[in-house]
Amino acid sequence: MWTRKQVKTRGKKAFKRNYWKSVLIALILSFIIGGSAGSNGASGTFGQLTNSIPGHQVEVEDTSEGDDGVLIGEADDTEDANETEDANEEDAAASDTTEINIDSKDMPAGAIISIMAIVTIIVLAIVAFALALDAFIFNPLELGCQRYFFKNLDEDAKFSNVVFAFDHSYKNIAKTMFLRDLYIVLWSLLFVIPGIIKSYEYRMIPYILADNPEMPTEEVFAESKRLMSGNKWKAFVLDFSFIGWQLLSVLTCGILSIFYVDPYQYSTNAALYEALKYGTEEA
């Protein structure tokens, strides 16, 4: 039986022995799976746009306390002029609104449908491109990075492990990894908890494929399920044990994550696979 301290110590020693290479590959892996990705916020300029809209600003001079009759008469004339200008501006605004409404009503339904169809096609094309990029590029690279950390447990692994999947049963690896992602998404659609459980059940798939790239998809899923049987909760606790490091990473704007936490955690996950694999074989 493996222990949390055992696999963390094993992982830490392995990545420190091959430090800079492990940091670089951990950075690649974090980019691929989104481990260190942040969301970009966009600030609007609504206030500036509002200020740029022409308004009806009328400056009224207070002449009620004046004693000169000529000044009072001039103020009255000014007010009359302002009222006339306001009325003209309101008429112009009303006519502009009428023209806009007429243009909107005159737009044919076919044109609206065509625009919606074009937008839908563009969105679907973007989604299809993202899925293809993930299935044929990112997933094989993820497997190669995980293979590196597994191999690095016992030797100074080479950087070439990153592209391992492209030269070894590429189609089988791409298909199996894609199905892993698909099944997790489908289970997550039911509720969040089933998706999390399945993600732990399929956790060993990249390592199994890295060891046996020609293993059929069904056997890979079955083997991952067997290895993780009775170990899902312990693996969850193992992940949770890194929460302190992750909080410190946030305080350092991700710098600690890049140079220590990510390679440490990826190496520990590889050590977990090693413990499950050989522990099961010995049993």
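Tutor: Let's start with a definition: a salt bridge is a side-chain nitrogen of Lys or Arg within 4 Å of a carboxyl oxygen of Asp or Glu. Keep in mind that this is a predicted model.

Student: Okay, what makes Asp156 and Arg17 a salt bridge?

Tutor: Their closest N and O atoms are 3.4 Å apart, and the cut-off is 4 Å, so the pair qualifies. The two residues link distant parts of the chain: Arg17 is in helix H1 and Asp156 in the loop between H5 and H6, 139 residues apart.

Student: How many salt bridges turn up in the whole structure?

Tutor: A search finds nine. One of them joins the side chains of Arg10 and Glu274, at 2.8 Å from N to O.

Student: Why can we say that Arg10 and Glu274 tie parts of the chain together?

Tutor: Arg10 sits in helix H1 and Glu274 in helix H12, so the pair ties together parts that are 264 residues apart in sequence. Arg10, Asp154 and Glu274 are also linked in a network of salt bridges.

Student: Is Glu274 called buried or exposed, and how do you know?

Tutor: Buried means under 20% relative accessible area, and Glu274 has 12%, so Glu274 is buried. Arg10 has 28%, which falls between 20% and 50%, so Arg10 is partly exposed.

Student: What about Lys277 and Asp211, then: which labels do they get?

Tutor: Try the cut-off again. Lys277 is at 18%, under 20%, so Lys277 counts as buried. Asp211 is at 22%, so Asp211 counts as partly exposed. The closest N and O atoms of this pair are 2.8 Å apart, a salt bridge by the 4 Å rule.

Student: Why is Arg147 said to have no salt bridge?

Tutor: The nearest side chain of opposite charge, Asp211, is 5.2 Å away, and a bridge needs 4 Å or less, so Arg147 has none.

Student: How do you know that the length of H9 fits a helix?

Tutor: H9 has twelve residues, which should span 16 Å at 1.5 Å a residue; the end C-alpha atoms are 17 Å apart, and that agrees.

Student: Which residues of H9 are buried?

Tutor: They are Thr217, Val220, Phe221, Ser224, Leu227 and Met228. Looking down the axis of H9, these buried residues fall within an arc of 130 degrees, so they line one face of the helix. In general, an α-helix has 3.6 residues a turn, so residues three or four places apart point the same way.

Student: And which residues have the most contacts inside the largest nonpolar core?

Tutor: Leu143, Phe149 and Met204, in a core of 49 residues. Helix H12 gives the most to this core, with ten residues. Setting aside neighbours within four places in sequence, the contacts of Phe149 include Ile25, Leu29, Tyr266 and Ala270.

Student: Last one: how many helices and strands does the protein chain have?

Tutor: Twelve helices and zero strands.

Technical notes
Residues are numbered from 1 along each chain as its sequence is written. This is a predicted model: local features need pLDDT of at least 70, side-chain atom pairs count only at pLDDT 80 or more; totals for chains, interfaces and linings use all residues. Side-chain values use heavy atoms; hydrogens and water are left out. Helices (H or I, at least four residues) and strands (E, at least two) are DSSP runs, numbered from the N terminus. The expected span of a helix is 1.5 Å times one less than its number of residues. Buried means under 20% relative accessible area, exposed over 50%, partly exposed in between (1.4 Å probe, protein chains only). The arc is that of the directions from the helix axis to the C-beta atoms. Lys and Arg count as positive and Asp and Glu as negative; His and the chain ends are not counted. A nonpolar core is a set of buried Ala, Val, Leu, Ile, Met, Phe, Trp, Tyr and Cys residues joined through side-chain atoms within 4.5 Å. Contact means heavy atoms within 4.5 Å.
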